[in-house]
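This report describes the protein model shown below. Please keep the sequence and the coordinates in view while reading.

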Amino acid sequence: EAQRLEDEELAARHAMDNDPEVIAAATKLQLAWRNANFKSMISAAQNVTKQARTINEEREKEARVALVEQGLAHFLWEELTAEDGTAYWYNNETGESTWE
């Protein structure tokens with residue numbers, strides 16, 4: 001009797017394995033699972049990128065503060081030339097310009 005039940009269960013599984021509707025449903029389920037995992041991977045990558053940007057911005061700010069504290073604030077300024085050929089200094093951090 002046990003062997004007969006086992007054979008019937010095996011036959012039912014084999015029939016399901018070859019059923020196009022079962023295969024289609026399983027495929028849809030797999031695709032949905034993969035899509036959900038892909039979306040969570042994208043979200044994780046975006047979070048890592050955001051954290052990296054924040055860390056980079058903090059390090060740049062710390063470097064600028066260190067320059068000021070060491071009396072090297074002039075390294076924050078960029079020398080540029082106006083259209084009329086006059087040199088001036090521009091601070092990318094503050095947006096300030098000076099002609100001196």
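How many residues lie between S1 and S2 in the hairpin that they form, and which glycine in the turn has a positive phi? There are 5 residues between the two strands, and glycine 85 has a positive phi of about 95°.

## Basis of the model

This is a predicted model, in which local features need pLDDT of at least 70 and side-chain atom pairs count only at pLDDT 80 or more, while totals for chains, interfaces and linings use all residues. Residues are numbered from 1 along each chain as its sequence is written, and side-chain values use heavy atoms, with hydrogens and water left out.

The predictor's confidence in each residue is given as pLDDT, on a scale from 0 to 100. The chain has a mean pLDDT of 84, and 100% of its residues reach 70 or more. Among the elements of the chain, S2 has the highest mean value (89) and helix H1 (residues 2–17) the lowest (80). Helices (H or I, at least four residues) and strands (E, at least two) are DSSP runs, numbered from the N terminus.

## The helices

One salt bridge is present in the structure; the term denotes a side-chain nitrogen of Lys or Arg within 4 Å of a carboxyl oxygen of Asp or Glu. It joins the side chains of arginine 4 and glutamate 8, at 2.3 Å from N to O. Because these two residues are 4 residues apart in helix H1, about one helical turn separates them. Accessibility is classed by relative accessible area: buried is under 20%, exposed is over 50%, and partly exposed is in between (1.4 Å probe, protein chains only). Glutamate 8 is partly exposed at 43%, and arginine 4 is partly exposed at 41%.

Helix H2 comprises 50 residues (20–69) and reaches 73 Å from its first C-alpha to its last, close to the 74 Å expected at 1.5 Å a residue. The expected span is 1.5 Å times one less than the number of residues. Alanine 44 lies in this helix and is partly exposed, at 39% relative accessibility. Between alanine 44 and aspartate 84 there are 50 Å in space, C-alpha to C-alpha, and the two are 40 residues apart in sequence. Just after H2, glycine 71 takes a positive phi of about 75°.

## The sheet

Three strands form an open sheet in the order S1-S2-S3, with antiparallel pairing. Strand S1 (77–81) and S3 are the edge strands, and each pairs on one side only. Two strands pair if DSSP finds at least two bridges between them. Strands of a sheet pair through backbone hydrogen bonds, either parallel or antiparallel.

The antiparallel pairing of S1 with S2 extends over 5 bridges, and glutamate 78 stands opposite tyrosine 90 in S2. S2 and S3 run antiparallel and are joined by 2 bridges; here tryptophan 89 stands opposite threonine 98 in S3. S2 and S3 also form a hairpin, with 5 residues between them and a positive phi of about 80° at glycine 95 in the turn.

The structure holds 1 aromatic pair. Rings of Phe, Tyr and Trp (its six-membered ring) pair if their centres lie within 6.5 Å; planes under 30 degrees apart count as stacked, over 60 as edge-to-face and the rest as tilted. The rings of tyrosine 88 and tryptophan 99 have planes at 45° and centres 4.9 Å apart, so this pair is tilted. Tyrosine 88 belongs to strand S2 and tryptophan 99 to the segment after strand S3 (97–98), 11 residues apart, and the pair links distant parts of the chain. Tyrosine 88 is buried at 17% relative accessibility, whereas tryptophan 99 is exposed at 56%.

Asparagine 91 is found in strand S2 (residues 87–91). With a relative accessible area of 5%, asparagine 91 is buried. Apart from neighbours within four places in sequence, asparagine 91 is in contact (heavy atoms within 4.5 Å) with Leu76, Trp77 and Glu96.
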